[in-house]
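Please look over the sequence and model first.

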Amino acid sequence: MAALPIRTLHVLAMAALVGGTTGLWYSYRSGTIATLAPARQFEWLFWGGVGVLVVTGVGNLGALGPPGPGTDWGRTLLVKLAVVVVLVGGSVVRTLLLARIGDRVNTLDDLPPALRRTLSQAYGATAAVLLGIVVLAEVLAHG
């Protein structure tokens with residue numbers, strides 16, 4: 001009975017992360033947003049969402065039972081978990097980059113162009129990895 005709320009929370013957290021990172025990537029790439037405040041606020045949402053995904057993901061595995069690594073489903077799950085590790089590692093770098101910029105810089109115009117481009121690419125890469133995880137989740141759910 002608890003499986004449906006756990007899965008719903010898992011999907012909602014993933015939707016928030018994909019939507020947020022894609023929105024930030026597009027906004028910084030197109031110049032729609034000129035300040036760093038949305039990125040700083042999103043980092044809190046992002047790491048909270050990752051926490052929700054980890055907890056609910058473990059809950060989903062508990063409901064399904066332990067997968068065997070010798071099955072196609074188990075191998076796909078291992079690939080998904082490896083991609084999640086890549087996502088977390090890359091996101092730590094992105095968050096540290098934003099923290100390094102600090103509060104002394106508030107607008108994108110104050111950033112060197114290379115750093116501005118790197119920040120936009122970091123959100124784009126995060127969105128791409130998240131979409132890859134969504135594809136792997138779809139394969140796991142429907143084969």
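Buried means under 20% relative accessible area, exposed means over 50%, and partly exposed lies in between, with a 1.4 Å probe and protein chains only. Helices (H or I, at least four residues) and strands (E, at least two) are DSSP runs, numbered from the N terminus. This is a predicted model: local features need pLDDT of at least 70, side-chain atom pairs count only at pLDDT 80 or more, and totals for chains, interfaces and linings use all residues. Residues are numbered from 1 along each chain as its sequence is written, and side-chain values use heavy atoms, with hydrogens and water left out.

**Helix H4**

- H4 has 30 residues. From first to last C-alpha it reaches 43 Å, close to the 44 Å expected at 1.5 Å a residue. The expected span of a helix is 1.5 Å times one less than its number of residues.
- The buried residues of H4 are Leu119, Ser120, Ala122, Tyr123, Gly124, Thr126, Ala127, Leu130, Ile133, Leu136 and Leu140.
- These buried residues of H4 pack against H1, H2 and H3. Contact means heavy atoms within 4.5 Å.
- Gly143 follows H4 and has a positive phi, near 75 degrees.

**Helix H1**

- H1 has 28 residues and reaches 40 Å from its first C-alpha to its last, close to the expected 40 Å.
- Its buried residues are His10, Ala13, Met14, Leu17, Val18, Gly20, Thr21, Leu24, Ser27 and Tyr28.
- H2, H3 and H4 are included in what covers the buried residues of H1.
- Just after H1, Gly31 takes a positive phi of about 85 degrees.
- Gly19 is found in H1. Gly19 is partly exposed, because its relative accessible area is 42%.

**Helix H3**

- H3 has 30 residues and reaches 44 Å from its first C-alpha to its last, close to the 44 Å expected.
- Buried in H3 are Gly74, Thr76, Leu77, Lys80, Leu87, Ser91, Arg94, Leu97, Leu98 and Ile101.
- The buried residues of H3 pack against H1, H2 and H4.
- Gly102 follows H3, with a positive phi near 75 degrees.

- Tyr123 lies in H4. It counts as buried because its relative accessibility is 0%.
- Tyr123 and Thr21 are 102 residues apart in sequence, yet 5.5 Å apart C-alpha to C-alpha.
- Leaving aside neighbours within four places in sequence, Tyr123 is in contact with Thr21, Leu24, Trp25, Tyr28, Ala39, Phe42, Glu43, Arg94 and Leu98.
- Glu43 is in H2. At 6% relative accessibility, Glu43 counts as buried.
- Not counting residues up to four places away in sequence, Glu43 touches Arg94, Thr95, Leu98 and Tyr123.

**Largest pocket**

- The largest pocket holds about 870 Å³ of space. A pocket is an open set of points on a 1 Å grid over the protein atoms alone, where a 1.4 Å probe fits, with protein on both sides within 12 Å along at least five of seven lines. Its volume is the space filled by probe spheres set on the points, which are joined across faces, edges and corners.
- The largest pocket is lined by 27 residues; lining residues have an atom within 4 Å of a point. His10, Gly57, Asn60, Lys80 and Ala137 lie nearest its centre.
- H1 (3-30), H2 (37-64), H3 (72-101) and H4 (113-142) are the elements that give two or more residues to this lining.
- By class, the lining has 20 nonpolar, four polar and three charged residues. Ala, Val, Leu, Ile, Met, Phe, Trp, Tyr, Cys and Pro count as nonpolar, Asp, Glu, Lys and Arg as charged, and the others, Gly among them, as polar.

**Second largest pocket**

- The second largest pocket has a volume of about 170 Å³.
- Its lining is Arg40, Glu43, Trp44, Trp47, Thr95, Leu98, Ala99, Gly102 and Asp103.
- H2 gives the most, with four.
- The classes are four nonpolar, two polar and three charged.

**Record annotation**

- The unreviewed UniProt entry annotates residues 9-28, 44-65, 77-102 and 122-141 as "transmembrane region". Positions are given in the numbering used here, feature names are shortened, and annotations may be inferred rather than shown by experiment.
- Residues 9-28 are 100% helix and 0% strand, with end C-alpha atoms 28 Å apart.
- Residues 122-141 are 100% helix and 0% strand, with end C-alpha atoms 28 Å apart.
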